[in-house]
Amino acid sequence: MASRPCASILDLASGDVLASVITDPGIIADLDGDSDGSSSVCRERIIIVANMLPLHAQRDAETAKWCFSWDEDLLLLQSKDGFSPETEVMYVGSLKVEVDPTEQEEIAQILFDNFNCVPTFIPTEIQKGFYHGFCKQQIWPLFHYMLPMCPDHGDRFDQLLWKAYVSANKIFAEKVMEVIDAEEDYVWIHDYHLMILPTFLRKRFNRVKLGFFLHSPFPSSEIYRTLPVRDEILKGLLNCDLIGFHTFDYARHFLSCCSRMLGLNYESKRGHIGLDYFGRMVYIKIMPVGIHIGRLESVLNQSSTSLRAKEIQEQFKGKKVIIGIDDMDIFKGISLKLLAFEQLLHEHKEFQGQLVLVQIVNPARSSGKDVQEAKRETYLTAKMINDHYGSSNYEPVILIDRPVARDEKTAYYAVAECCIVNAVRDGMNLVPYKYIVCRQGSLKMDDAMGIKKDSPRTSMLVVSEFVGCSPSLSGAIRVNPWDIDSVAEAMNLALTMPDSEKQLRHGKHYRYVSTHDVAYWARSFMQDLGRACKDHYSKRCGGIGLGLGFRVISLSPNFRKLSIDHIVSEYKRTKRRAIFLDYDGTVVPQSSICKSPSPDVVTVLNTLCNDSRNTVFIVSGRGRGSLSEWLSQCERLGIAAEHGYFVRWCKNCDWETSLSSADLDWKEIVEPVMNSYYDATDGSNIEVKESALVWHHQDADPDFGSCQAKELLDHLENVLSNEPVVVSRGQHIVEVKPQGVSKGLVAEMVLSKMVNSGDPPDFVMCIGDDRSDEDMFESVLRMVSCPSLPVAPQIFACTVGRKPSKAKYYLDDSADVVRLLRGLADASSPKPTNIAHFQVSFDSSF
């Protein structure tokens, strides 16, 4: 199969043609001159990947050959209306029928040539475990908040089904790889069947442009975390550039899972939510899908639809009709809806004999005990209502459990005064949208139903608050489906509301549905995907991780790992060196419970300090008492405690303060405020320093701790607005410290003293792991342009961990830092001498 149509090399060689091709990445401009396909270069292409292809397939009865046609009711096909006419759309997915292996190659070529479709042909056993097993028996119930507490309520996790899911996703990946142009094409993956497909594609093509849209709910972290393969699925989704959800609730649950299970935090900038995932920004899109208005209006204008609507209108003459259309499954709340309808008839006797609920039941998408139980309960409840409230000429509940043609459904929508969607958990239910458009009517439908051309339109919706479309329908009556009394009262309100109010609500809904259709949804998603991918080629990418833990590290072109061999070589060539090291997370692991340095670290530090050409400082936010105790064996080591508020040049030197007359009365204001947040936030604690106060929330609930930290920051900024302090938020902390104190000022002070003493450094190394160290990096890098330096020193500013930083280098972790320091120590020729005691006057230094 050819991967994509392109102009010939000779065409591109022409200067005129080439000049007209240069546009934004992935967008190919029209060429000057002929506009037909023969003279155009590669068009923008979108590869849409879903479990099923948008095709009908059946064998011809006479020839026994396969016949294919587009399934125009499927969202994947309708979404093409949101793309430019010049955009090529290719589909990758499975057929709804089994094809004999001997025919698969021929069928694949036919589908590729005639429909631009690539079939996956998953083997029967894998398909059974993948779709009917893992997808429908494990992922789908879990994402709808159903836990397998016992065998009667869902299947427990099965490793074999998970392997089938992985195998199927890998087959999809192979098919995409056969046709993709990774530098140009966009790939749009749909729904929970393919959540680890992004990992396979990202591993093969680090810069592939990947979008994913989840059409089901995403559960809260308390539910999702029960899944044994939770990390693999999260990491799979995070290998996309853009992840779409129907509602903010679903997106919020996903972000919470990323925070609690992977330690990732999100940020919102200019209306866009993003997660920094190893240097790649993964964006979150919140956008409910719409319907194809034109498709529905064409059905409204069919003669068969208007004829059926007239028949239904005549059948229920003198009665009000409520319509419900749902799949037969346990989450659609059909039996709860029927019980609420019974309550309505019981409480409002005037509706008895005058009100009919027409419940159309679509065929179940899966089979199982739960579906059979839901079906049995639905029939029993409907029979009970009809037996109690019905009569020979009145049947209050009409249950239609058969395939219903599109025109007949449309007719029922048009006749019904109210539509109710009562699902207990649903992704994006489009029934309300279709109902609104059908109630708007058409000329032919109005004529058949005897409605005047310009008469005002009405529609009423009763919608479960657990349905994805609920937030977008502000005029609907939202209900808790479990509260039968309130659902019954909501139906009563919908039926008895004044027509003027119904018209206002209908008008509001129709304006929304007609402007936020499926084309708008697809166009908006692809625009955001383009924005999410625009920086792909401005950064260096590299993959790390094995199997489904694979991810791509995205780094600035000038940001690279610090080579030990390189820095040791520079270290040996220099004669005067300044070394600044953070403590926690740098020379001691952040996760370590014991904060004392290891014997190896002590030995390395002493070796570096004993080299007379070196000035070595530990620059930390820790208190001077703790640092003095932990580093007591390092006699020649300089220490800057509490971000530089206290400084000493060696063990035998006195501690000096950077602010000789600091006013610390503000502590009396801060302590009561921090104590109130400490009491209210389980897992938090307060660290009292001599110059600062720090509120820690590392051991608190991630979401609640983060929320409380933001509130505390705002609270302290308000009460301390007139105090000489800085309130800052760091990694799991909120800190209050005096103004004019920072790690950056410590570095400036030490380097300035070295320059003023006539011994300027020609080698400066600075290593740290958190936000406070960024000030130090900035100060050190400024030294390059310092006019008082005879020669610019070699600068090595290095952050710990691959993340955005002002530093130009990185090391992976504290173990890497110790290895680097050991390499420098081995290169030193320690000659213990009496240390030159620099008597530092902080007032003059600053």
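**Rings, strands and cut-offs**

Trainee: What makes the charged end of Lys 209 count as sitting over the ring of Tyr 186?

Mentor: The charged end of Lys 209 is 4.8 Å from the centre of the Tyr 186 ring, and the rule asks for NZ of Lys or CZ of Arg within 6 Å of the ring centre and within 35 degrees of the ring normal. Arg 624 sits in the same way over the ring of Phe 646, with its charged end 3.9 Å from the centre. This is a predicted model, in which local features need pLDDT of at least 70 and side-chain atom pairs count only at pLDDT 80 or more, while totals for chains, interfaces and linings use all residues. Residues are numbered from 1 along each chain as its sequence is written, and side-chain values use heavy atoms, with hydrogens and water left out.

Trainee: Why are Trp 70 and Phe 115 called an edge-to-face pair?

Mentor: Rings of Phe, Tyr and Trp (its six-membered ring) pair if their centres lie within 6.5 Å, and planes under 30 degrees apart count as stacked, over 60 as edge-to-face and the rest as tilted. The count comes to 30 aromatic pairs by this rule. For Trp 70 and Phe 115 the distance is 5.2 Å centre to centre and the planes are 80 degrees apart, which places the pair in the edge-to-face class. The two residues are 45 apart in the chain, with Trp 70 in strand β3 (residues 66–70) and Phe 115 in helix α4 (residues 101–115); helices (H or I, at least four residues) and strands (E, at least two) are DSSP runs, numbered from the N terminus.

Trainee: Why does Trp 70 count as partly exposed, and why does Phe 115 count as buried?

Mentor: Buried means under 20% relative accessible area, exposed over 50%, and partly exposed in between (1.4 Å probe, protein chains only). Trp 70, at 28%, is therefore partly exposed, whereas Phe 115, at 13%, is buried.

Trainee: Why is the pair of Phe 130 and Tyr 165 called tilted?

Mentor: The centres of these two rings are 5.9 Å apart and their planes stand at 45 degrees, so the pair is tilted. Phe 130 lies in helix α5 (residues 124–143) and Tyr 165 in helix α6 (residues 159–179), so parts 35 residues apart in sequence are tied together.

Trainee: What makes both faces of β8 count as covered?

Mentor: In strand β8 (residues 242–245), Leu 242 and Gly 244 on one side and Ile 243 and Phe 245 on the other are all buried.

Trainee: Why are β26 and β28 called edge strands?

Mentor: The open sheet has 4 strands in the order β26-β27-β29-β28, with antiparallel pairing. Both β26 (685–688) and β28 have a single partner strand, so one side of each is left without a neighbour in the sheet. For β28 (residues 725–730), that partner is β29 (residues 733–738), joined to it by 6 bridges, including one between Val 725 and Pro 738.

Terms used
Pairing = 2+ DSSP bridges.
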